[in-house]
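Visitor: I would like to learn how to read this model. Please show me how to begin.

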Amino acid sequence: MPKSVSEEVNEQFEKAVDDHYNAIIKGEIKEGIEEGTASGVLVQEPLNAPPPPRPAGAPPVKIHCEDISKTFIQKGNQAVPVIRDITLDVYENEFLVVLGPGQSGKSTLLKIIAGLEIPDKGYVTLDGEPITGPGPDRGIVFQSYMLFAWKNVRDNVELGLKLRGVPAEERHAIADHYIRMVGLEGFEKHYPHQLSGGMKQRVGIARAYANSPKVMLLDEPFGQLDAQTRMYMQVETARIWEKERRTVLFVTNNIDEALFLGDRIVLMEGKLPGTLKTEYAVNLPRPREHTSMELLELREEIISNTELVL
Amino acid sequence: MASSSIANETVDHASERGRFTLYKLITNRYFLYTVSLVGFFALWHWTAVNKIFQNSLATPKEVLDQVIRLTTMNFAGNNLWGHIWGSTQRVLVGFVLASLVATPLGLFMALNKTVNAIVKPLFDLFKPMPPIAWVSLAILWFGIGETSKVFIIIIGTFVPCLLNAYNGVRLVDPDLFDVIRVLGGSRRDEIFNVCLPASFPAIFAGLQISLSAAWTCVLAAELMNSRDGLGFLIKRGMDTHSPALVLSGMLLIAAAAWLSSLAIALLERKCCPWKRSIDNI
C-alpha cells in the first residue's frame with residue numbers, strides 16, 4: 001500500500017527529530033536547539049552555575065575537574081549521557097560531599113576521578129597532573145565493600161602495601177595502625193563474612209587509608225547500612241577524618257549525611273545527564289549534631305532547591 | 001564511646017528443653033534417620049528371604065558375612081585389600097594426571113583469549129561424549145592392561161575439572177579487579193590475588209565431580225576386563241551367580257568413593273580457610 005503524503009511527511013519529521021537528538025547525544029551539537037530549527041522543539045540547556053570565585057586564602061586545589069562529560073553506549077547502540085560539563089575543584093584537606101539522588105551520575109564522576117572511567121570530554125588533574133588511569137594515590141571506598149572474601153581483615157587492609165612491595169613487618173605495623181583507627185582491633189584474623197556491614201566498611205576505609213593516598217574517594221559508602229549503623233558510621237567517619245586529615249570526596253544521596261560530614265556540599269541535578277546545580281558551604285564547627293538548628297536550616301534550603309525529595 | 005562497643009552481639013543458644021512428648025520423638029531428626037534406615041534394611045531382608053528376585057538377592061546379613069570372609073581369604077590371588085588398592089590405584093593415577101592437566105588448562109582458557117579460542121572448539125566437541133564410549137577404542141589402542149583403564153579415567157575426569165576451573169575464573173566479580181587496580185596492582189596481581197583464590201571453591205567442586213566420575217569409569221573398565229579390583233569382584237559375583245559377592249563389591253566401591261571424596265573435602269578445608277568458616281555456621 002503506497003504511503004499517503006501526510007504519513008511520509010510525518011516520518012520525515014520524526015527522523016529529523018531523532019537525528020537531532022542523536023547529534024546532541026553524540027556531542028556533535030553543543031548548543032541547545034534554537035527555536036525554529038528543523039525539529040521545532042525548544043530544548044533548554046541546563047544552566048550550569050558558574051564556578052564560584054575562589055575564596056581568598058583558600059587551601060590549594062587538589063583535584064580539578066575541567067568540563068568533563070561522559071556518555072555510555074548501552075545495548076542496541078543507545079547513547080545515555082551520564083554527566084555533562086562538570087567543572088569542579090576539590091581543595092586540599094577539604095571534605096567535599098557530592099549530593100544527588102540515584103541516577104544523577106555522581107558515581108560516574110567519582111569513577112572518572114578514580115581513573116576507572118575515561119571522560120569523553122574534559123580532563124581531571126590531581127595536584128596539577130592529569131589522571132590517565134587508576135592509581136594508589138587515590139584511595140577508594142566502595143558502596144558494596146569489595147573486600148576479598150579469601151583474605152582476613154589484616155590481609156585486606158595491607159593488600160595495597162603488599163602489591164607495592166612494602167616489607168611484611170612494616171606493612172603489618174601500618175595495617176594494625178589503621179585497623180585500630182577504625183576500631184577493629186581484635187578482629188585482624190576474621191574473614192569478611194564474619195563481620196557486620198558496618199564492620200566491613202570499616203575494613204574498606206582502613207584499606208583505603210593504609211595505602212596513604214593523596215585523596216580519598218568514597219562512593220556512597222554507607223548506602224547498604226541500616227539507618228542506625230549509618231548514623232554511627234558518620235560519627236566515626238568525622239572522627240577518623242579529624243584524626244587523619246585527607247582530601248575527601250564523598251558521594252551520597254543522603255542529605256543528612258552530607259550536612260553532617262561536608263565542609264562543602266555540591267548539589268547535582270536530579271536527572272541524567274548529571275550536571276552541577278549549586279554548592280553550599282557548611283561553615284559549622286565539628287563535632288556536629290544531626291539535629292542542630294543551623295544544620296536544619298541549611299537542610300531546608302537544600303531541599304527547597306531540589307525537585308526530588310532526596 | 002569505646003570502640004570495643006562494635007560487634008558486641010552475642011548469640012544465645014536456646015538450650016531449655018521442654019517435656020519429652022511423643023510428638024517430639026516422631027519429629028526428632030535422629031529418630032527419623034533410624035526409622036528410615038531400619039525400614040530399608042527390613043524391606044531388603046524381607047525381599048531376599050521371600051525370594052522376590054528368586055535367588056538373586058542376598059540378605060544384608062549374608063552380604064556382611066561375605067565382606068568379612070573376603071577380608072580373611074584370598075580371592076583370585078589377592079585379598080580384599082589388594083582388590084581395593086587395585087581400583088584405588090587406577091583412580092588415583094587417572095584422577096591426578098587429569099586434574100593436573102585439566103585444571104591449569106581451564107584457568108588458562110579463562111585468562112587468555114587465544115588459548116580459549118584454540119582449546120574451546122575441541123573441548124566442545126568432546127564434552128558431550130560419555131567417557132564409557134571410549135572403552136572399546138581404549139582396548140584397541142592400549143590392550144587390556146592398566147593403560148587402557150587409566151586412559152578411560154582420564155577421559156572421564158578431564159571435562160569436569162576443566163569446566164569448573166574455567167567457570168570459576170569467569171564468574172569472578174569484575175569489580176574486584178578494579179580494586180586491585182585502584183590499590184596499584186598489575187595484571188599479574190589481578191590473577192594471583194583475585195582470579196586464583198576466587199576460583200578455588202569452583203575448582204574443588206570440579207575435583208569432587210571428577211572423583212565420582214573416576215570411580216564410575218574404573219568400574220566400567222574393570223567390568224570389561226580385569227584380574228583384580230572391585231569391578232572384578234562384582235563381575236566374578238555375576239559370573240558365579242553370587243549376589244552376596246556382587247553386593248559386597250557395590251558396597252565396597254561406595255565406601256571407597258565416599259572416603260576419597262572426604263579426602264578432597266579435607267583438602268579443600270585446608271586450602272580455603274575462608275570457606276571453612278562459612279561451613280561452620
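Guide: A crossing is left-handed if the near helix is turned anticlockwise from the far one by less than a right angle, and right-handed if clockwise. Helices (H or I, at least four residues) are DSSP runs, numbered from the N terminus. The model is predicted: local features need pLDDT of at least 70, side-chain atom pairs count only at pLDDT 80 or more, and totals for chains, interfaces and linings use all residues. Residues are numbered from 1 along each chain as its sequence is written, while chains are lettered from A and ligands numbered from 1 in the order in which they are written.

Visitor: Which hand has the crossing of helix 6 of chain B and helix 7 of chain B?

Guide: That crossing is right-handed. Axes are lines fitted to C-alpha atoms, for helices over the stretch in contact, and angles run from 0 to 180 degrees between N-to-C directions. Helix 6 (residues 135-142) and helix 7 (residues 146-170) of chain B pack at about 145°, their axes 9 Å apart.

Visitor: Which residues make the contact?

Guide: Two residues are in contact if their C-beta atoms, placed from the backbone, lie within 7 Å. Helix 6 of chain B gives B:Val135, B:Ala138, B:Ile139 and B:Phe142, and helix 7 of chain B gives B:Thr147, B:Ser148, B:Phe151 and B:Ile152. For classes, Ala, Val, Leu, Ile, Met, Phe, Trp, Tyr, Cys and Pro count as nonpolar, Asp, Glu, Lys and Arg as charged, and the others, Gly among them, as polar. This contact has 6 nonpolar, 2 polar and no charged residues.

Visitor: At what angle do helix 8 of chain B and helix 9 of chain B pack?

Guide: The angle is about 125°, with the axes 10 Å apart. Angles under 35 degrees count as roughly parallel, over 145 as roughly antiparallel, 65 to 115 as roughly perpendicular and the rest as oblique. Helix 8 of chain B and helix 9 of chain B are therefore oblique to each other. Their crossing is right-handed.

Visitor: How many residues of each chain take part in the contact of chain B with chain A?

Guide: Chain B supplies 17 residues and chain A supplies 22. On the chain B side, the largest share, 6 residues, comes from helix 8 of chain B. By class, that side has 9 nonpolar, 4 polar and 4 charged residues.

Visitor: What does A:Tyr178 touch?

Guide: Leaving out residues up to four places away in sequence, A:Tyr178 touches A:Val157, A:Ala206, A:Tyr209 and A:Ala210.

Terms used: Helix = DSSP H or I, 4+ residues; strand = E, 2+ residues; numbered from the N terminus.
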